[in-house]
Amino acid sequence: MEARTIAIPAGVKIALGQGKTVSVTAPLGTIEADFSHARDISIRIEDGALSVKAEGQERRRKAAMVGTIAAHVENMVTGVTKGFTYKLKIVYAHFPMSVKVQRNRVVIENFAGERRARSARIVGDVKVTADAEDVVVKGIDIRSVSQTAANIEQATRVKSKDPRVFLDGIFIYEKGEGM
């Protein structure tokens, strides 16, 4: 039987909901995740810690699922206590691009001299700030923060040109904890 325990730090409240739903609350906010897809895995709160256990046979796949769920819960705890920050660098050679945040989109204008503006979707409750050189993505849910940063990076992907020559784009250069 495979098992992992996650210590619950002071100031963090973890609640188990209907059908393997885990809710983590702390000063920065609340994150919920649904693990109902994980069959033969039990999630319990015992002695001030959250335990994730696999029951039955088929050790490899269940051990991987236990590790994945435990890592997700650890990221949720880190997110509600410290938060996550991704930094992206704006790089251009000839055509100075401008990056603006408009509601739930990041708009990139004048990328490689293009007339049409490119845009990237902001996922979830994430704060995005842009200045002349950097784009900073902050939030408590690592899945939303990383997906937003990936959307921004993919919006400036160069197609049908040699990427060794055309180095323009917006690229992730730092990932970390803390807001």
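These legends go with a few views of a predicted model. Local features need pLDDT of at least 70, side-chain atom pairs count only at pLDDT 80 or more, and totals for chains, interfaces and linings use all residues. Residues are numbered from 1 along each chain as its sequence is written, and side-chain values use heavy atoms, leaving out hydrogens and water.

View 1. Helices (H or I, at least four residues) and strands (E, at least two) are DSSP runs numbered from the N terminus. The C-alpha atoms fill a box of roughly 60 × 35 × 25 Å along the principal axes. Buried residues make up 38% of the 179, buried being under 20% relative accessible area with a 1.4 Å probe, protein chains only.

**View 2. The largest cavity, about 50 Å³.** On a 1 Å grid over the protein atoms alone, a cavity is where a 1.4 Å probe fits but cannot get out; lining residues have an atom within 4 Å of a point. His72, Asn75, Met76, Asp141, Ile142 and Arg143 line this one. Helix H1 (59-81) and helix H2 (142-155) each supply at least two of the lining residues, and H1 gives the most, with 3.

**View 3. The largest pocket, with about 270 Å³ of space.** A pocket is an open set of grid points with protein on both sides within 12 Å along at least five of seven lines. Of its 14 lining residues, Ala112, Lys161, Phe166, Leu167 and Asp168 lie nearest the centre.

Terms used. Points joined across faces, edges and corners; volume = space filled by probe spheres on them. Buried < 20%, exposed > 50% of the residue type's maximum accessible area, 1.4 Å probe, protein only.
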